[in-house]
Amino acid sequence: MALRIGIDLGGTKIEGIALDGSVEVARSRVDTPRGDYDATLAAIAGLVSTLEHRIPNPQSRIPTVGLGIPGTISSSTGLVKNANSTWLIGRPLQHDLESRLGRAVRIANDANCFAISEATDGAGAGAGAEAVFGVIAGTGVGGGIVIGGRIVNGANGIAGEWGHNPLPWPDAEDVSWPLCYCGKRGCIETFLSGPGMTADHARVAGIRLLPPEIVEAAAGGDAAADATLCRYERRMARALAGVINVLDPDVIVLGGGISNIERLYVNVPRLWSEFVFACSAPRGPEGSAPPGQQVVETRLVPARHGDASGVRGAAWLWLAAPQPHARPRGDT
Ligand SMILES: [Zn+2]
């Protein structure tokens, strides 16, 4: 069985696990040296060394190393781009890590790591799922696409970044068009992130509550909190219907803090049928669709591995053969 180390480089913590086959055999974490590139490299290399020493019975097997980052590697330059950990931007992270570790390293966006984890042995695995769309909805909204067990990176390294598309089929309740950090207005992220839900509730109900507080209030009979969740569900249904119309995934796996809201898995699929092309909601007790239309087959499910999907997905980067664009062009 192969040994695989997966590292998830976060803004405050660097998490690492070692898998022997598919079994977790070691785990460790260190603080992220914020703002210091060289110290970040050293911390990742130190974490790999710690994990290697904790693997029982390595039997001279050298673990592969995969890394999830909050950004992506440019296929044209090999440098990090789009990272909210800004001290990584413009740095040859893959080259520098490979030099330190003395072996090839595979790097992917953290949302892509989430998607490959859930597609490989998580909530999107099995049942013949060809296409899996992984959504992380928390402080931001990101996404990753896995088709046939492989991450789709895309020509620009942004495949799956649906959070910065505009909210589709807007109606009167969406006219606030919040300003997004990316410079545009009305991005899906401004509505469907945790802070987006908090801001929406504050706009309408006049009180700032965190998403778990809104959920608790709604469950306790607070009509304004329930209305906020209903608006959220209608928006998520329309936003995901837009994804279904392009990708038509078998499974959409939800991760991040928002994924703990259980009512989403019932209400969102009930609402998205209206917006998925040539599909309709089931009617009647037998669940039949009108002639010429079919019900939406895509399933919406919570992540199986939760927060561990970042490190597991990074380890699984070595499951498949090398990805196209995994290395800078011109680099042999
Ligand atoms: Zn945006």
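Predicted model: local features only at pLDDT ≥ 70, side-chain atom pairs only at ≥ 80, totals over all residues.

Colleague: What radius of gyration does the protein have, next to a compact globule?

Modeller: The protein has 21 Å, which agrees with the value near 20 Å that a compact globule of 332 residues would have. Buried residues make up 50% of the 332.

Colleague: Switching to charges, how many salt bridges does the structure hold?

Modeller: The structure holds 15 salt bridges. One of them joins lysine 13 to aspartate 31, with the closest N and O atoms 2.5 Å apart. Lysine 13 lies in strand β2 and aspartate 31 in strand β3, so the pair ties together parts that are 18 residues apart in sequence.

Colleague: And is aspartate 31 buried or exposed?

Modeller: Aspartate 31 counts as exposed, at 52% relative accessibility, while lysine 13 is partly exposed at 30%.

Colleague: What about arginine 312, which residue does it form a salt bridge with?

Modeller: Arginine 312 pairs with aspartate 121, the closest N and O atoms being 2.6 Å apart. This pair links helix α9 with helix α3, across 191 residues, and both arginine 312 and aspartate 121 are buried.

Colleague: Which residues are linked in a network of salt bridges?

Modeller: The network links Asp174, Asp200, Arg203, Arg231, Arg235 and Arg238. Within the structure, arginine 235 and aspartate 200 meet at 3.1 Å, N to O, and both are buried.

How values were computed: Residues numbered from 1 in each chain as written. Heavy atoms only, no water. Rg over C-alpha atoms; globule rule 2.2 N^0.38 Å. Buried < 20%, exposed > 50% of the residue type's maximum accessible area, 1.4 Å probe, protein only. Salt bridge = Lys/Arg side-chain N within 4 Å of Asp/Glu carboxyl O. Helix = DSSP H or I, 4+ residues; strand = E, 2+ residues; numbered from the N terminus.
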